[in-house]
Amino acid sequence: MTLYLLVLRWPSRVQTRSLHRCEFAGQLYILDVPKSELPLWLCIAEYESRFNTHVIGARNADGSNDYGIFQISDKYWCKPENRTDYFIYNGCNLNCTDLLSDDITLAVRCARYIQKQQGWSAWAVYNEYCSNRTLEYIDDCFT
């Protein structure tokens, strides 16, 4: 009986996928992200999630969470799985769990929408790590 309870309490392992820099750049390019923007998108994804597709960030001060490779907030941009007090709007018109897929199509579409609405500073990492810095070139990814 004790063994049975231990098995039930053992945390299940979640499969996560971490993309390599050039693999991610290639997928963004296939999804029509302009080559000139790729270094910024790579910088944001690297510092937000370390290129991991299945990351749910630590709870924010307002109770919201951030999802996926771009750490998109469930307060304004996606619908959280459970009803919450902080949820305001589903700007990208998708479930937050859709942002945790290895297929990054919806995450890219949502992130580009956010960028068009709020600019690069919509991501907290932008000002500290990606703005006014020499970003790593991506030319080596396309040779």
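Analyst: Gln-71 is buried, because its relative accessible area is 9%, and buried means under 20%. The model is a predicted one. Gln-71 sits in the loop that runs from strand S1 (66–67) to S2. Its phi is near 50°, a positive value in a residue other than glycine. Most residues other than glycine have a negative phi.

The largest pocket holds about 290 Å³ of space. Its lining is made up of 17 residues, and Gln-71 is among the closest to the centre, together with Asp-66, Ser-73, Trp-77 and Ala-122. Strand S2 supplies at least two residues of the lining, and so does helix H4. By residue type, the lining consists of 8 nonpolar, 5 polar and 4 charged residues.

To place these elements, consider the chain as a whole. The chain has 5 helices and 2 strands. In sequence order they follow the pattern α-α-α-β-β-α-α. Of the 143 residues, 41% count as buried.

Lys-75 pairs with Asp-62, and the closest N and O atoms of the two are 3.1 Å apart. This pair links distant parts of the chain: Asp-62 belongs to the loop between H3 and S1, Lys-75 to the loop between S2 and H4, and 13 residues separate them. Lys-75 counts as buried because its relative accessibility is 17%, whereas Asp-62 counts as partly exposed because its value is 36%.

In the loop between strand S2 (72–73) and helix H4 (105–118) lies Ile-88. Ile-88 counts as exposed because its relative accessibility is 51%, and the cut-off for exposed is over 50%. Together with Tyr-76 and Tyr-89, Ile-88 forms a nonpolar patch on the surface. The accessible area of these three residues together is about 340 Å².

The count of salt bridges comes to 2. Besides the pair of Asp-62 and Lys-75, there is one between Asp-140 and Arg-21, whose closest N and O atoms are 2.7 Å apart. Asp-140 counts as partly exposed because its relative accessibility is 47%. Side chains of opposite charge can pair when their charged atoms come close.

Asp-32 is in the loop between helix H2 (21–30) and helix H3 (38–49). Asp-32 counts as exposed because its relative accessibility is 62%, whereas Gln-71, at 9%, is buried.

To return to the request, the pocket of about 290 Å³ has a lining to which S2 and H4 each supply at least two residues. Buried Gln-71 is one of the residues closest to the pocket centre.

How values were computed:
Residues numbered from 1 in each chain as written. Predicted model: local features only at pLDDT ≥ 70, side-chain atom pairs only at ≥ 80, totals over all residues. Heavy atoms only, no water. Patch = residues over 30% accessible without salt bridge, like charges linked within 9 Å, V, L, I, M, F, W, Y side chains within 5 Å. Areas by Shrake-Rupley, 256 points an atom, 1.4 Å probe, with all protein chains shown as cover. Salt bridge = Lys/Arg side-chain N within 4 Å of Asp/Glu carboxyl O. Helix = DSSP H or I, 4+ residues; strand = E, 2+ residues; numbered from the N terminus. Buried < 20%, exposed > 50% of the residue type's maximum accessible area, 1.4 Å probe, protein only. 1 Å grid on protein atoms, 1.4 Å probe; cavity = no way out; pocket = protein on both sides within 12 Å on 5 of 7 lines; lining within 4 Å. Points joined across faces, edges and corners; volume = space filled by probe spheres on them. Nonpolar A, V, L, I, M, F, W, Y, C, P; charged D, E, K, R; others polar.
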